[in-house]
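Please look over the sequence and the fold shown here before reading on.

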Amino acid sequence: MMIKRKMLACILTGGLLLTGCSKDDGPATEVLSIQTIGLERLTGGTSYQGWLVVNGEAKPTERFTDPTNTVNLSVLASDLEDATEFLLSIEPVNDTDPEPSGAIILKGKFNGTSAPLDFESVVADLSATSGQFVLHTPTDEASDNDEFGVWFRNGGSASLTLPALGKGWKYEGWVDFDGKKVSTGTFTKVNAIDDANFFKGSGGTIPPYPGEDFLIIPSQIPLTGVTFPADVRGKEVFITIEPFEDRDPAPFFIKPLSANAGVTTGLNNPVDMTSDNAMPSGRATRPNF
């Protein structure tokens with residue numbers, strides 16, 4: 001009888017062990033908590049995605065669009081325990097690439113249970129920015145229509161003081177035409193022609209600075225809500241930092257420089273821009289293994 005009881009106990013114990021190790025349970029998971037300051041909700045189809053760096057390999061977490069409260073991400077416990085770094089990227093509209101985009105917005109190394117996340121090491125240090133622009137139209141032959149152009153220059157000199165950006169990011173100029181925000185083009189250099197001059201006139205020259213003349217709208221550009229030539233006077237002019245592969249036509253929320261254009265035109269009447277030196281930050285927290 002004693003032998004039978006021992007056999008029955010072994011069978012029951014074995015059954016429990018088999019049940020606990022069932023493939024249906026899957027590998028163990030844990031929660032990684034992300035808290036951020038200065039990030040905003042993404043609404044144009046882009047998303048945030050976290051990445052755990054394990055043995056030099058970036059392993060993806062869930063995507064999300066609203067960072068305003070604590071974001072809890074379910075990840076493999078083994079990855080979370082072995083992770084040395086955490087990255088937060090901006091992933092493009094309709095992205096299916098299993099690798100991180102070039103636009104890493106926050107990054108930090110784990111020290112025990114937490115990783116402080118910073119913007120400066122992956123995008124830029126915005127603590128010392130400044131800028132000016134003028135209302136001027138150099139791309140046509142007219143001399144009396146400077147209200148239709150904006151250029152980030154002061155006379156014959158570049159007027160922007162901006163740091164070099166990390167991989168995956170570009171600056172972009174904008175004019176807010178009563179709620180319709182129109183790009184002046186993306187750029188990485190303050191003393192060179194930017195990436196777009198869609199609305200320029202004819203007979204003049206494009207100067208070696210970022211900017212745009214809003215003189216003519218080509219038929220192939222589906223822009224509505226702005227009458228051309230478009231008067232920049234009294235409009236907000238600003239510069240954003242953009243994840244340039246995001247495919248979202250709206251301005252990104254990081255806006256280091258801005259100003260109201262006022263009413264004075266001409267190359268020798270620069271408008272001083274206001275700096276916003278705030279930079280996102282955050283913390284990733286894992287359990288104490």
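How many nonpolar, polar and charged residues does the lining of the largest pocket have?

## The largest pocket

By class, the lining of the largest pocket has eleven nonpolar, three polar and seven charged residues, where Ala, Val, Leu, Ile, Met, Phe, Trp, Tyr, Cys and Pro count as nonpolar, Asp, Glu, Lys and Arg as charged, and the others, Gly among them, as polar. This is a predicted model, in which local features need pLDDT of at least 70 and side-chain atom pairs count only at pLDDT 80 or more, while totals for chains, interfaces and linings use all residues. Residues are numbered from 1 along each chain as its sequence is written, and side-chain values use heavy atoms, with hydrogens and water left out.

A pocket here is an open set of points on a 1 Å grid over the protein atoms alone, where a 1.4 Å probe fits and protein lies on both sides within 12 Å along at least five of seven lines; lining residues have an atom within 4 Å of a point. The 21 lining residues of the largest pocket include Glu 172, Trp 174, Ser 183, Phe 198 and Pro 249, which lie nearest its centre. Strand E13 gives the most to this lining, with six residues.

## The sheet

Five strands (DSSP runs of E, at least two residues) form an open antiparallel sheet in the order E13-E12-E15-E16-E18, pairing being counted where DSSP finds at least two bridges between two strands. Its edge strands are E13 (180–187) and E18 (274–275), each of which pairs on one side only. Strand E16 (residues 257–260) pairs with E18 over two bridges, and Ser 258 has Thr 274 in E18 as its bridge partner.

Technical notes: Helices (H or I, at least four residues) and strands (E, at least two) are DSSP runs, numbered from the N terminus.
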